[in-house]
Amino acid sequence: MEKGKRRAAKWAVWILLCTFAGIMVLPLLMLCSDSLMGSRELEEICGAVLGGQGERAGFRFFPSYPTLRAYVRLLLDSPEYFTAFWNSMLQTMGVLAGQLLTAVPAAWAFARFRFPGKKMLWFLYMLLMILPFQVTMVSGYLVLSGARLMDTHWAVILPGIFSTLPVFILRKTFAGLPGEVVEAARLDGAGNVRIFLNIGLPLGMPGIFSILILGFLEYWNAIEQPMTYLKTEARWPLSLYLPQMVSAETASAFAASIVTLLPAVLLFLSGQEYLEQGIAASGMERAGKLKKVESG
Amino acid sequence: MQKQQRKISPGRWIPTLRSEKMPHRYIRCRDALYRQSSGESGSRGLPGRHLGKSGSRGLSYRELREAWSGYLFLLPSLLGTGIFVLIPFLDVFRRSFLRAVGSGFVGMENYRQVLTNEAFRRAAGNTARFMLFCLPILLALSLCMAVLVCQVTHFQRWIKTGFLMPMAIPAASVVIFFRMLFDQKGWLNLLLRQMGLAGQDWLTSGRAFWVLSACYIWKNLGYDMILWLAGLGAIPEEQYEAAKVQGAGAWACFRYITLPQLKETLFVTALLSFVNAFRVFREAYLLAGEYPHESIYMLQHLFNNWFVNLDIQKMTAAAVMLVIGTGAVLFGFRRTGGGEG
């Protein structure tokens with residue numbers, strides 16, 4: 001009796017979780033399925049909403065006549081889309097490279113050194129992390145227009161590099177590294193830079209991967225920054241160009257959406273392990289606890 | 001004041017620390033070690049030589065060196081932050097007391113204008129309402145999910161993938177799905193009509209608030225769940241076993257063992273959810289444009305529109321107020337036991 005009850009409870013949990021997970025991925029599945037529809041079918045289903053003709057939208061989980069026509073059209077005759085794609089790549093990669101060079105050492109400094117004013121600086125970094133972009137927008141604008149960088153790729157890249165969120169996430173990872181290893185290296189005569197490069201970086205790799213993935217997801221998705229700092233459409237990233245394209249060409253809109261999310265989703269799937277570790281590390285006070293999570 | 005100074009000056013601060021905390025023999029032994037290692041490696045002779053001369057100044061030298069190294073590692077980031085945020089913010093602060101044209105000093109006039117501005121009041125109210133409504137729901141729901149995921153042993157990885165997936169999907173891509181779903185002629189109304197209910201106007205009425213809340217929770221549920229999972233995993237298994245031996249039920253275990261130990265996780269999860277809540281502007285903007293229904297007209301929209309209209313005076317004053325407000329909240333948060341966060 002007791003056993004049967006427990007099994008029933010287990011099934012209930014299982015079904016509940018699957019339902020929720022299903023809801024979470026539903027948008028992705030629908031986008032995929034719609035991207036495989038031909039233009040006539042798409043018009044039949046989405047014309048009412050996206051094109052403004054027709055009474056109501058139709059709903060179909062699987063396309064009746066699956067075709068890759070939309071992707072072909074997107075690949076062959078929409079050069080603007082690819083300009084936007086490369087703009088996105090350039091801006092995202094620029095930000096990530098910069099963050100590697102600045103945020104990683106900064107997190108190391110906060111995690112491993114004692115220096116006067118550290119508490120105040122950390123408070124400042126946390127404050128900057130919390131403030132929405134719109135608050136620091138004016139400051140950024142003043143500098144960028146002063147340096148004549150407005151409306152260039154640098155206008156998106158430079159302020160992005162100095163976001164303090166990666167420092168916050170990475171600090172926990174570094175603080176959790178076993179102190180004995182570092183101390184041993186120091187006794188062997190390794191300097192601070194050597195310790196950072198040879199011990200901190202390799203041991204902190206999961207954390208670094210996770211800030212890179214999080215950063216990619218964040219800047220691939222950036223809307224506020226390019227919207228404020230870029231005027232020329234030829235420099236717009238995908239995240240700005242795509243919404244405009246949806247209203248102009250419904251036929252390849254879904255395919256374009258899929259191609260847009262593809263790099264982010266693939267990166268996420270391949271680095272999910274690191275991402276989870278990094279997120280988890282940012283929530284922990286001591287990483288001794290974290291070890292248990294991983295092994296358990 | 002004097003006490004403060006004494007603490008900061010390394011020369012005075014460290015010798016006391018040394019005599020209090022470290023036995024003399026240990027120090028001598030370690031100094032010897034240092035001398036040895038510096039003699040061997042050669043490249044790092046400086047501290048060894050210094051230590052060799054006088055043991056008491058050695059530690060302070062080391063601390064000083066540590067502080068300098070810390071600053072050096074921090075320098076690139078701090079420099080950039082200074083140039084792009086901190087220094088210009090001083091200019092923003094200055095401008096918030098000036099007139100728009102020319103440079104007349106107007107005192108608190110800009111602040112008064114912002115505070116009496118109806119759009120600002122509504123936007124601030126909406127933002128606060130959104131936070132107060134969504135944060136507790138998100139935190140509670142993600143905790144529930146984390147507890148449930150803990151129970152499941154098979155396919156846990158796939159379930160996590162499912163929950164985390166929304167994080168990876170760019171707003172620009174998914175917004176087309178949301179439009180299909182929530183449009184007046186869209187899928188949700190189609191479903192409602194088939195169930196015999198009246199269709200609703202989801203995006204251009206007060207219901208837009210619920211739509212936006214749903215988008216936010218959809219996007220952040222997985223992220224928060226992972227944070228909770230980390231917190232849950234850190235609680236030693238033995239505590240549950242001990243409680244069970246004494247006859248505690250599942251709920252009692254959760255209430256008296258799990259919850260109290262999740263405080264730290266709660267702080268971080270709430271903080272990161274708060275940060276992410278500001279990003280919901282992307283979905284709001286893509287779904288409803290620059291002037292959405294007034295129920296989701298947030299501070300972010302307002303700032304954006306001020307910026308477009310070059311209303312720099314109001315912007316600077318509002319930015320200064322927001323920074324001070326957020327700073328005060330964060331300070332209070334950390335004081336009441338958030339710890340290092």
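The following questions and answers concern a predicted model with chains A and B.

Visitor: Which helix gives the most to the side of domain 1 of chain A that touches domain 2 of chain A?
Guide: Chain A is divided into domain 1 (2–72) and domain 2 (75–295), whose C-alpha centres lie 32 Å apart. Between them, 12 residues of domain 1 of chain A are in contact with 10 residues of domain 2 of chain A. On the domain 1 side, α1, α2 (39–51) and α3 (69–76) of chain A each supply at least two residues. The most, 5 residues, comes from α2(A).

Visitor: How many charged residues has the side of domain 1 of chain A that touches domain 2 of chain A?
Guide: Contact with domain 2 of chain A involves 12 residues of domain 1 of chain A. By class, that side of domain 1 has 8 nonpolar and 3 polar residues, and the number of charged residues is 1.

Visitor: Are α8(A) and α15(A) roughly parallel or roughly perpendicular to each other?
Guide: Helix α8 (residues 165–175) and helix α15 (residues 272–282), both of chain A, pack with their axes 8 Å apart, at an angle of about 85°. Angles of 65 to 115 degrees count as roughly perpendicular. The two helices α8(A) and α15(A) are therefore roughly perpendicular.

Visitor: Which residues of α15(A) meet α8(A)?
Guide: By class, this contact has 3 nonpolar, 3 polar and 1 charged residues. From α8(A) come A:Phe168, A:Ile169, A:Lys172 and A:Thr173, and these meet, in α15(A), A:Gly278, A:Ala281 and A:Ser282.

Visitor: Which helix of chain A gives the most to the side of chain A that touches chain B?
Guide: In the contact between the chains, 89 residues of chain A meet 93 residues of chain B. The chain A side divides into 62 nonpolar, 18 polar and 9 charged residues. With 12 residues, the helix that gives the most to this side is α1 (residues 2–35) of chain A.

Visitor: Is α1(A) oblique or roughly parallel to α8(B)?
Guide: The axes of α1(A) and helix α8 (residues 156–168) of chain B are 8 Å apart, and the helices pack at an angle of about 40°. Angles under 35 degrees count as roughly parallel. At about 40°, α1(A) is therefore oblique.

Visitor: How many nonpolar residues are in the contact of α1(A) with α8(B)?
Guide: The crossing of these helices is left-handed. On α1(A), the contact is made by A:Leu17, A:Ala21, A:Met24, A:Val25 and A:Leu28, and on α8(B) by B:Ile159, B:Gly162, B:Phe163, B:Met165 and B:Pro166. No charged residue takes part, 1 is polar, and the number of nonpolar residues is 9.

Visitor: Is the crossing of α14(A) and α9(B) left-handed or right-handed?
Guide: Helix α14 (residues 253–270) of chain A packs against helix α9 (residues 171–182) of chain B at an angle of about 145°, with the axes 8 Å apart. A:Ala253, A:Phe254, A:Ser257, A:Thr260 and A:Leu261 meet B:Ala172, B:Ser173 and B:Ile176. The crossing of α14(A) and α9(B) is left-handed.

Definitions and conventions
Residues numbered from 1 in each chain as written. Chains lettered and ligands numbered in written order. Predicted model: local features only at pLDDT ≥ 70, side-chain atom pairs only at ≥ 80, totals over all residues. Axes fitted to C-alpha atoms, helices over the stretch in contact; angles between N-to-C directions. Helix = DSSP H or I, 4+ residues; strand = E, 2+ residues; numbered from the N terminus. Left-handed = near helix turned anticlockwise from the far one by under 90°. Contact = placed C-beta atoms within 7 Å. Nonpolar A, V, L, I, M, F, W, Y, C, P; charged D, E, K, R; others polar. Parallel < 35°, antiparallel > 145°, perpendicular 65-115°, else oblique. Domains from an automatic or database assignment.
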